[in-house]
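Subject: Handing over a structure, with notes on its helices

Hello,

Please find the structure below, which I am passing on to you so that you can follow the notes with the model open beside you.

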Amino acid sequence: MGGKKREAVVKGTGNVFRDLGLADSEDRKLRVQLAVRLNELIDEHRLSQSAIAKKFGILQPHVSDLRNFKLSRFSSERLVRFITMLDRDIDIVIRPRDLAHATGHVSVLFAV
């Protein structure tokens, strides 16, 4: 009778990479979180791509990848190092697991 077909809505986990079934979902999420903050810092410093490349010691096309969140060439450690090169400190805190999560996880918090 021409009725509309209903589609099921599934609640996500909070990690789109896990929802897509990617094995390295936690690392991907961490790299995106770090890259978001790194790109914000680059914007705050008003640095050109060539200036960023020189400061970080990378090629300009790699800066373009970073700015466009193409992160396959960047490890979490490398992104952390870039953030510190923009005059930011990074503290890593290890604490008991939040009971809201089935397993331990990593998150990035930004202090102003």
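The notes below go through the helix contacts and then a few individual residues.

Please keep in mind that this is a predicted model, in which local features need pLDDT of at least 70 and side-chain atom pairs count only at pLDDT 80 or more, while totals for chains, interfaces and linings use all residues. Residues are numbered from 1 along each chain as its sequence is written, and side-chain values use heavy atoms, with hydrogens and water left out.

**Helix 2 and helix 5**

Helix 2 covers residues 25-45 and helix 5 covers residues 76-85, and their axes come within 9 Å and cross at roughly 20°. Helices here are DSSP runs of H or I with at least four residues, strands are runs of E with at least two, and both are numbered from the N terminus. The axes are lines fitted to C-alpha atoms, for helices over the stretch in contact, and the angles run from 0 to 180 degrees between N-to-C directions. Helix 2 and helix 5 are therefore roughly parallel to each other, on a scale where angles under 35 degrees count as roughly parallel, over 145 as roughly antiparallel, 65 to 115 as roughly perpendicular and the rest as oblique. Their crossing is left-handed, a term that applies if the near helix is turned anticlockwise from the far one by less than a right angle, whereas clockwise would be right-handed.

Which residues make this contact? From helix 2 come D27, L30, R31, L34, A35, L38 and L41, and they meet S76, L79, V80, F82 and I83 of helix 5, where contact means heavy atoms within 4.5 Å. By class, the contact of helix 2 with helix 5 has nine nonpolar residues, one polar and two charged. In this scheme Ala, Val, Leu, Ile, Met, Phe, Trp, Tyr, Cys and Pro count as nonpolar, Asp, Glu, Lys and Arg as charged, and the others, Gly among them, as polar.

The buried residues in helix 5 are S76, L79, F82 and I83, and buried means under 20% relative accessible area, exposed over 50%, and partly exposed in between, with a 1.4 Å probe and protein chains only. Seen down the axis of helix 5, these buried residues fall within an arc of 120°, so they line one face of the helix; the arc is that of the directions from the helix axis to the C-beta atoms. Their cover includes helix 2, helix 3 (49-56) and helix 4 (60-67).

**Helix 3 and helix 4**

Helix 3 and helix 4 pack with their axes 8 Å apart, at an angle of about 105°, and that makes helix 3 roughly perpendicular to helix 4. In this contact Q49, S50, I52, A53 and F56 of helix 3 meet Q60, V63, S64, L66 and R67 of helix 4, and the residues divide into five nonpolar, four polar and one charged.

Within helix 4, H62, V63, D65 and L66 are buried, and, seen down the axis of helix 4, the buried residues fall within an arc of 155°, so they line one face of the helix. What covers them includes helix 2, helix 3 and helix 5. D65 counts as buried at 18% relative accessibility, and, leaving aside its neighbours within four places in sequence, D65 is in contact with K70, R73 and F74. Just after helix 4, F69 takes a positive phi of about 60°.

**Residues outside the helices**

R46 is found in the loop between helix 2 and helix 3, where its phi is near 55°, a positive value in a residue other than glycine, and R46 counts as exposed at 77% relative accessibility. S48 is placed in the loop between helix 2 and helix 3, and counts as partly exposed at 39%. S48 and Q60 are twelve residues apart in sequence, and their C-alpha atoms are 9.8 Å apart in space.

D87 lies in the segment after helix 5, with a positive phi near 65°, and is exposed, having a relative accessible area of 65%. I94 is placed in the segment after helix 5 and counts as exposed at 81% relative accessibility, while its C-alpha atom is separated by 9.4 Å from that of V106, twelve residues apart along the chain.
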